[in-house]
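The coordinates are placed here for reference.

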Amino acid sequence: ASIVGYARSDWSLDKFHQFLRDHLSSSGPDGEKEKEEFISRSTYVSGQYGSPDDMGKLHNILLDLERENQGPRADRIFYFAIPPFAFADAAAAIGTRAMVRSGGYNRMVIEKPFGHDLDSYNALAANLSKYFAEEQMYRIDHYLGKEMVQNLMALRFANSVFEPLWNNNHITSVQITFKEDIGTEGRGGYFDKYGIIRDVMQNHLTQIVSLVAMEPPVSTSAEHVRDEKVKVLQSMDPIRMEDIVLGQYVKGQDGKPGYLDDDTVPQDSTVPTFALVVAYINNRRWDGVPFILKCGKALNERKAEIRIQFKKVPGKLFESSSPNELVMRVQPDEAVYLKVTAKVPGFSLETAQTELDLSYKSRYADTRLPDAYERLIFDVIRGDHSLFVRHDELAAAWGVFSPMLQQLEENKVPPIKYERGSRGPAEADALVARHYTRDADYSWTPKQPAA
């Protein structure tokens, strides 16, 4: 296989190879050797994204590489790590001048953002579909490649203990949280065009919602899984304004800058860096259960997790016990743990909350977890769409968020200011408290591998 970098910068091959050396990591005893072998397979072509002539030049270089490799056939994967405004023009130039015409496959990997709202997404999809069929497109969401997100299906459907409880008869709320302790440094101008809802919530968190809430698929094949995910998204109402809290961070106590201190961000920007919404799924399984989606930048910690809280034990026996929770820690310190109430050792019947804990660092200490992109690119090569977003999935997700985004932007709704390094706006905690019972005396500590 050959790797070809294509960009507008007028770089020499030596400069491109040095760029790869500076940015590629390696591990294991043969890591550096494998890294250099990868670099030796890489070359660079300079050209404009939408230029048919430049793509024709790329096509000729690919033909030469394919003849050198002498494989049984030529397959091409085009990875669109380019600005969103260039997607349509690049697809047109590749489609007319740089695709394999016989004997092999052409596949396109496209990164978010997939449009700005439902209308812009539909326009983008229409343009791309002129040159690439749905089965050739891989809309990548790297969160779907994370180990714990992939584990969702196995936990749900390979364990009979969970399915009878996985409904509104037993669950009071579902929380999906994405927190970053860094701000938008270095990309404030880009971020201001999209905001946290488009950057994180409409894609990463909504994809997790569909996996948590979907019905059992017929099989684990890509289309069967995605069919069920689409049904969840189509059952969600557009987000209501009363179910939203938006925030924007200001300078922290440590003196680190606020969002508006970035010179690339307009001083009157109302773009949120924090968002919490409460969504509902209108089907028999989930009717009335709040799905609390929270994401933000410049918060007090880095964490992504799925938290399912069950109803309290009825009656007066152990009435002071806290609700059970099933928590799937996506990052860091991947883990699954079930919060349970147990008797404290000793002569009394005093109880306390503890956990049944599967911490990956402890249980799988000698197992290497593949990076999300590593897994996803491998799936593109072997033609597996299971972890990629289908066209109707994306349209349904935009249908949930577009009306809210339109109202926010038309009315220029000001976000609540929160201090950098904090939990976010206090109003967000107040909204969560209406749906979730927090045990202030409990905290989870990830297990570490044995020495």
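I began with a salt bridge (a side-chain nitrogen of Lys or Arg within 4 Å of a carboxyl oxygen of Asp or Glu). Arginine 285 forms one with glutamate 163, and the closest N and O atoms are 2.8 Å apart. Arginine 285 lies in the loop between S8 and S9 and glutamate 163 in the loop between helix H6 (147-157) and S6, so the pair ties together parts 122 residues apart in sequence. Helices (H or I, at least four residues) and strands (E, at least two) are DSSP runs, numbered from the N terminus.

I noted the provenance: this is a predicted model, in which local features need pLDDT of at least 70 and side-chain atom pairs count only at pLDDT 80 or more, while totals for chains, interfaces and linings use all residues. Residues are numbered from 1 along each chain as its sequence is written, and side-chain values use heavy atoms, with hydrogens and water left out.

I then looked up accessibility (buried is under 20% relative accessible area, exposed over 50%, partly exposed in between; 1.4 Å probe, protein chains only). Arginine 285 is buried at 12%, whereas glutamate 163 is partly exposed at 25%.

A search of the whole structure gave me 32 salt bridges. In one of them, arginine 226 pairs with glutamate 223, the closest N and O atoms being 2.6 Å apart. The two are 3 residues apart in helix H9 (residues 222-234), which means a separation of about one helical turn. Lysine 303 and glutamate 305 form another, at 3.7 Å between the closest N and O atoms, and both residues are buried. I also found these two in a salt-bridge network with Lys179, Glu301, Arg307, Glu325 and Lys339.

Next I traced the sheet. It is open, with 9 strands in the order S13-S12-S11-S10-S6-S9-S8-S7-S15 and mixed pairing; strands pair if DSSP finds at least two bridges between them. Strand S13 (351-359) and strand S15 (416-419) stand at the edges with a single partner strand each, so one side of each has no neighbour in the sheet. Strands S8 (residues 274-279) and S9 (residues 291-296) run antiparallel, joined by 6 bridges.

Lastly, I examined phenylalanine 178, which lies in strand S6 (residues 171-179) and is buried at 7% relative accessibility. Beyond neighbours within four places in sequence, its contacts (heavy atoms within 4.5 Å) include Tyr143, Val200, Lys294 and Lys303. Phenylalanine 178 and lysine 294 are 116 residues apart in sequence, yet 6.2 Å apart in space, C-alpha to C-alpha.
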